[in-house]
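Reader: Could you walk me through the side-chain packing in this model? I'd like to start with the rings and then jump around a bit.

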Amino acid sequence: MSDFKLIGTGAARHDAWAKAKGEQAYSDDFALPGMIYGKVLRSAYPAAVIKNINTQKAKTLPGVHAVLTSADVPRNTDVSKFGQMRDVGGGFEGLYKVLADGKVRYKGEAVALVAADTEEICEEACRLIEVDYRIEPGVFCPEEALLPGAYLVSGEDKSNQIMRTKVEKGDVEAAFAKAHVIVENEYRTPAVDHAYIETEGGVAWVDENEVITLRVGTQVLEHYRTVAKIMDLPHNKVRNMGVPMGGGFGGKEDITVESFLALLAWHTRRPVKMIWSREESLECHAKRHPEILRYKTGAAKDGTIIAQQVEIVMDGGGYTYLTPWVQMYSTIYAPGCYRIDNLEVNSVSAFTNNTFASANRGFGSCQVNIAYESQMDEVAAKLGISPYEIRKINCLRQGDEISTGYIPEGSVVLEELLDKTWEKLVNSGPKQEYTQEGWKIGRGLACGMMPYGRLCFLHDSSRVGIRVELDGSVTVRAGVPDLGGGQSSVLCQIAAEELGLPINKVHSFVMDTHLTPLAGTTTATRQLYMSGNACLVAVGQVKEVLAKKAAAALNCLAAELTFAGERIFLTKEPERGLAFVQVVAQASNDGEPLFCEGQFNAPFTEVPDLTNIKGRIHPDLTFTAHAVEVAVDEETGQYKILKLIAGIDAGRVINRNSCEGQVEGGAVYNVGYVNENLGWEKGITRANSFATYLIPTALDVPDLETVILESGGGLGPYGAKGVGEPSDNSIAPAILNAIRDATGYRVTSMPVTPESLLAGVKSIHNS
């Protein structure tokens, strides 16, 4: 039995009732007296040269307060988008321009800004801005972009290459020569949108101290530094007050409206509000990187994978943004969660005139997961081994090294996770050949691994403050952006557990760069790991003060005390104790500190050699497994999911409801990865509304079951692992493997449409 009182329970989040009743205020719900509105004029072309911009007509329109172009941006060129604690350089800067000058690099790139009394006047002013474009041919395929003589996207670089990376070990050629079977395939994964309910937006104003204050839903509060750089102001002259988000999934990791709002507020000296339309959001913000993946896998007769060769070509779109970071993930995790002694992975990323690609839930791991899990099933089919058995033969176990030679410190219980996930599907009932409607039924299994915590060479850190009030209540302060996953509430749960308080006695104050300790980005599945550990540091020091004070009063050692039930008492003599609030009062009277700010540092490494990446690149890994049953109509090419089992090793569940919600939500998120379709045509997004960009609904997903292991082997608080991003890994290839089981057709290119699936199935029948 666990001694925890709150850890592992479904303790209610502090914002649960507000969200349930529709009272939670988001970016679009905020207004100020005298507020005006902002709008972005965007390029109608994916590739063009701006010869001239005439803003005179727009400026003279009644109700217009500002019309800005790149000439009005103090620092517009080579802006680093990230704001991390450490500038690592070496191509990792994520450069972009606030407003286009010279070349336009993707359709929808921001060209000018307008501020006016109403949104309607803003739109009219945008129509009045005259932009003289010279339309260019552009390049829309990353492989074509890398060819000699290709159209240069930036016009400032000598080639369209962004970065090359490589991982290798063993002797690949010799191993292939010994292989009993070799499977080669090319896979193509598409760009997909984050499709959050709330689009990008916020408000900004300039206060009496000449401080620009941003109130924006963002995953990175530290963007205030980048905004300060753009505005050529000291960091302390920009304040970022985050607000809860209606979804992020990586799409609000990049700067969205922040710099636009800062520029307009600074020029007009009026509060400015900007909310993007759904069309803007779908056409103009970051997408998951499309990738071309070529896999060659060699296996021994018994099913052991002895060699793998991988080539990856990534489409970065018009600007760098996070492409180098995502590329690191794809390169390192290309072989998946398997022991492969002979390996070579080569990856390259390229600029194109497509919408730029950047962070999306899974961050480069989901693309390669499609390929390596498809390869496992194809190798199994050639050898006459079941997909379940070939994974059992090859899966990583404790003490095994991953592609970079690093042996994970955390728990590796993938074999147990595979067993439990597959058994749950098998035990749900015997597999039928057909549904009553005559659809063929197939079952698929896939597993995966994904890191939690940022790249170690970033030298990541997080800080959390704990303050005990005189009435025994506690305030947790942290600059933790809340995406809706309970990122701040879990800190309250940790503090309440440690101090022996009910959850309603602990309150969080978050997301304010002037008033909360900086806790880093809510990205990379890092907040529970980083800020959870920082919270333990902070509450531990406050707890030490109170324990010493109680020990002196009870004439015992501090180590003999327990904090529980709003009391501090002797563990072996529970009747001997003091009320928590009584000890707090005495500590306050004696001048003892009742506030502490704790810091947690992730493991530190240096930037690796990108020509052969070695060592510890991430702090730790989370492992997943998904099992699905699908039905395929071979007459129409439609398919539907009948059963879905989602498995994960969470290390230690902190909040039961939040963990289950992440595991379920992650699975549904990447159910859509299989068939979501932006309809890209030469840089133009055809599916620019939710009427045309179709995402999974409740009708597309059955009631799913979860398998949540608690190995206790994570590096987070109490042995927890991160689950937010890993939870959407391995579901998409499980679906593709189930389609293969049902029809015999291997999907190698997404999105899967009824037309493409029907053609594939017919090709199998006709061969």
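This is a predicted model: local features need pLDDT of at least 70, side-chain atom pairs count only at pLDDT 80 or more; totals for chains, interfaces and linings use all residues.

**Aromatic pairs and other packing**

Author: The structure holds 18 aromatic pairs, where a pair means rings of Phe, Tyr or Trp (its six-membered ring) with centres within 6.5 Å, and planes under 30 degrees apart count as stacked, over 60 as edge-to-face and the rest as tilted. Residues are numbered from 1 along each chain as its sequence is written, and side-chain values use heavy atoms, with hydrogens and water left out.

Reader: Where do tyrosine 106 and tyrosine 319 sit in the chain?

Author: Tyrosine 106 is in the loop between strand E6 (103–104) and strand E7 (110–116), whereas tyrosine 319 is in the loop between strand E16 (305–317) and helix H9 (323–332), so the pair links parts of the chain 213 residues apart; helices (H or I, at least four residues) and strands (E, at least two) are DSSP runs, numbered from the N terminus.

Reader: And are they buried or exposed?

Author: Both tyrosine 106 and tyrosine 319 are buried, meaning under 20% relative accessible area, with exposed being over 50% and partly exposed in between (1.4 Å probe, protein chains only). They belong to one aromatic cluster formed by Tyr96, Tyr106, Tyr319, Tyr321 and Phe356.

Reader: Switching to helix H3, which residues are buried there?

Author: In H3, residues 119–128, Cys122, Ala125 and Cys126 are buried. They lie on the same side of H3, because they cover an arc of only 105° around the axis, the arc being that of the directions from the helix axis to the C-beta atoms. On the other side of H3, Glu120 and Arg127 are exposed.

Reader: How many disulfides are there?

Author: A search of the whole structure finds zero disulfides, a disulfide being a pair of cysteine sulfur atoms within 2.5 Å. For cysteine 395, the nearest cysteine sulfur is that of cysteine 447, 7.0 Å away. Cysteine 395 counts as buried, because its relative accessibility is 0%.

Reader: Last one: what is serine 281 in contact with?

Author: Serine 281, which is in helix H8 (residues 278–284), is in contact with Asp193, Tyr196, Thr199, Glu200 and Lys287, leaving aside its neighbours within four places in sequence; contact means heavy atoms within 4.5 Å.
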